[in-house]
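Thanks for coming, everyone. Please have a look at the screen.

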Amino acid sequence: MESNRDEAERCIGIALAAAKANQPDKARRFLEKAQRLYPSPRVRVLLDSLNKNEQSANCQSQSRESTNPQFKKMSGSFPSANGEVGGEAPKGYTQDQVLAVQRVKQCKDYYEILGVNREASDEDLKKAYRKLALKFHPDKNHAPGATEAFKGNVHVYSNGRMRYTYHQRQDRREHQGDGGLGLFVQLMPILILIIVSALSQMMVSSPPYSLSHRPSVGHTHRRVTEHLKVVYYVSENFADEYTGTNLKNVEKSVEEDYIANLRNNCWKEKQQKEGLLYRARYFGDSDLYRRAQSMGTPSCSRLSDVQALHG
């Protein structure tokens, strides 16, 4: 509204200059424009003063109007652009226009303002908007609050976003109003993932062997694979359950796990040896260097032997 107020003050200044230049029509136009932009009692008083002076000089010629003392008095009585004048002369409006403005202010949502339901088509929305815009246009409706109602209505439908800005937000409020149900729907994918993961773990059986002695799972009986002679441990009833092809498959898995462990341990041993050699060179420690050089890598040696046999 502040930008409208500044523009209204500018129009008032132009109107005052026009009145002094004996241009009442121009003065009236700019005063009416100022009233539309920023209604104030001061502008109404200026319009009334202009109308009275024009009526008194209606029968005089254009040249005599410029020297008419009464018109000069009227022009001189105009306040400055920043002045204030008391008194209020209401602009004409009907009771129906006042009631229409009150109805718009009491509406709960934008669809109610336009007088359509939420399922209305875009064409129905446009028609309702045009009808309401004409009804509340400042040039046709001078009722108090009509300008604000017109601007609010324009904002409702501007750029065709009304259906989204209101309809979608209303839907979100309804979903949020569901409370626990909405939260449950949002958490449903996570719950399903947890349940499926738990079931998968339950369905996957643990291997029937261990590469080390593990009494906690019953793997206490020592066995050796036929091919690579890898030691592994099984339960008491292992020999009854695994024979023939099943036993070969188990021993193959044992040897593959054993080789994977050797690779991992070999990498660790090499990293440790290289780390000591780096420290010895960095600090110039000959004793540490000799110890690093003599450090063995048993897992790497065993891995080489196993790979020779496995290959």
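**Ring pairs and a helix**

There are five aromatic pairs in this structure. Keep in mind that this is a predicted model. How do we describe such a pair? By the distance of the ring centres and the angle of the planes.

Take Tyr-209 and Tyr-232. Their ring centres are 6.5 Å apart, and their planes sit at 85°. That angle is over 60 degrees, so the pair is edge-to-face. Where do the two residues lie? Tyr-209 is in strand β1, residues 209-210, and Tyr-232 is in strand β3, residues 231-234. So this pair ties together parts that are 23 residues apart in sequence. Both tyrosines, Tyr-209 and Tyr-232, are buried.

Next, Phe-238 and Tyr-242. Here the centres are 4.8 Å apart and the planes are at 25°. Under 30 degrees counts as stacked, so this pair is stacked. Phe-238 is buried, at 1% relative accessible area. Tyr-242 is partly exposed, at 25%. Ring pairs join Tyr-209, Tyr-232, Phe-238 and Tyr-242 into a cluster.

Now the helix, α6. It runs over residues 95-106, twelve in all. At 1.5 Å a residue, α6 should span 16 Å. Its end C-alpha atoms are 17 Å apart, which agrees.

Which residues of α6 are buried? Gln-97, Val-98, Ala-100, Val-101 and Val-104. Look down the axis of α6: these buried residues fall within an arc of 160°, so they line one face of the helix. On the other side of α6, Gln-95, Asp-96 and Gln-106 are exposed.

That's my part. Over to you for discussion.

Note on methods: Residues numbered from 1 in each chain as written. Predicted model: local features only at pLDDT ≥ 70, side-chain atom pairs only at ≥ 80, totals over all residues. Heavy atoms only, no water. Phe/Tyr/Trp six-rings, centres within 6.5 Å; stacked < 30°, edge-to-face > 60°. Helix = DSSP H or I, 4+ residues; strand = E, 2+ residues; numbered from the N terminus. Buried < 20%, exposed > 50% of the residue type's maximum accessible area, 1.4 Å probe, protein only. Expected span 1.5 Å × (residues − 1). Arc of directions from axis to C-beta.
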